[in-house]
Amino acid sequence: MFDHHCPWIGICIGEKNKLIFLIYLLVQIAQLVVGILISVHNIGLLVVMGIIVILLIILFGFHAFYVAKNITTCKVINIIRGILELEKDFVYRLEFKISI
């Protein structure tokens with residue numbers, strides 16, 4: 001099953017390689033943590049690497065949640081699009097009723 005194409009690693013993420021993708025994210029987080037421990041004296045680098053670690057942990061959390069709930073990123077995006085379309089339609093109807 002296709003989930004989405006990831007431009008960062010250049011492949012499509014799906015059912016057969018989702019675990020590999022999660023392991024890849026964990027390895028990237030571990031590498032950055034080691035880099036942070038090594039570069040203690042460079043504050044600017046520490047800040048940048050710390051922000052990247054936080055973003056990767058959030059990304060890992062989202063994908064781990066999707067695996068636990070057995071849903072795909074595309075499905076989540078389509079749900080969000082549907083909610084936004086409903087809100088747009090609701091606002092349009094509300095404006096139409098108010099203007100009468």
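Helices (H or I, at least four residues) and strands (E, at least two) are DSSP runs, numbered from the N terminus. This is a predicted model, in which local features need pLDDT of at least 70, side-chain atom pairs count only at pLDDT 80 or more, and totals for chains, interfaces and linings use all residues. Residues are numbered from 1 along each chain as its sequence is written, and side-chain values use heavy atoms, with hydrogens and water left out.

Begin with the protein chain coloured by secondary structure. Three helices and two strands are present, in the order β-β-α-α-α from the N terminus. The chain exposes about 7,800 Å², of which carbon and sulfur atoms supply 74%; accessible areas come from the Shrake-Rupley method with a 1.4 Å probe, and for residues only the protein chains shown count as cover. Of its 100 residues, 22% count as buried (under 20% relative accessible area; exposed is over 50%, and partly exposed lies in between, with a 1.4 Å probe and protein chains only).

Next, select helix 2, residues 43-69. Its 27 residues reach 39 Å from the first C-alpha to the last, close to the 39 Å expected at 1.5 Å a residue; the expected span is 1.5 Å times one less than the number of residues. Within helix 2, Met49, Val53, Leu56, His63 and Tyr66 are buried. After the helix comes Asn70, which has a positive phi, near 60°.

Now select Cys6, Ile13, Phe21, Leu25, Ile29, Leu32, Met49, Val53 and Leu56, the nine residues of the largest nonpolar core. Helix 1 and helix 2 are the elements that give two or more residues to this core, and helix 1 gives the most, with four. Such a core is a set of buried Ala, Val, Leu, Ile, Met, Phe, Trp, Tyr and Cys residues joined through side-chain atoms within 4.5 Å. Centre on Cys6: leaving aside residues up to four places away in sequence, Cys6 touches Ile11, Ile13 and Phe21 (contact means heavy atoms within 4.5 Å).

Move to Ser39, in the loop between helix 1 (18-38) and helix 2. Is Ser39 buried or exposed? Ser39 counts as buried because its relative accessibility is 13%. With residues up to four places away in sequence again excluded, Ser39 touches Leu45, Leu46 and Met49.

Finally, select Ile51 in helix 2. Ile51 is partly exposed, with a relative accessible area of 47%.
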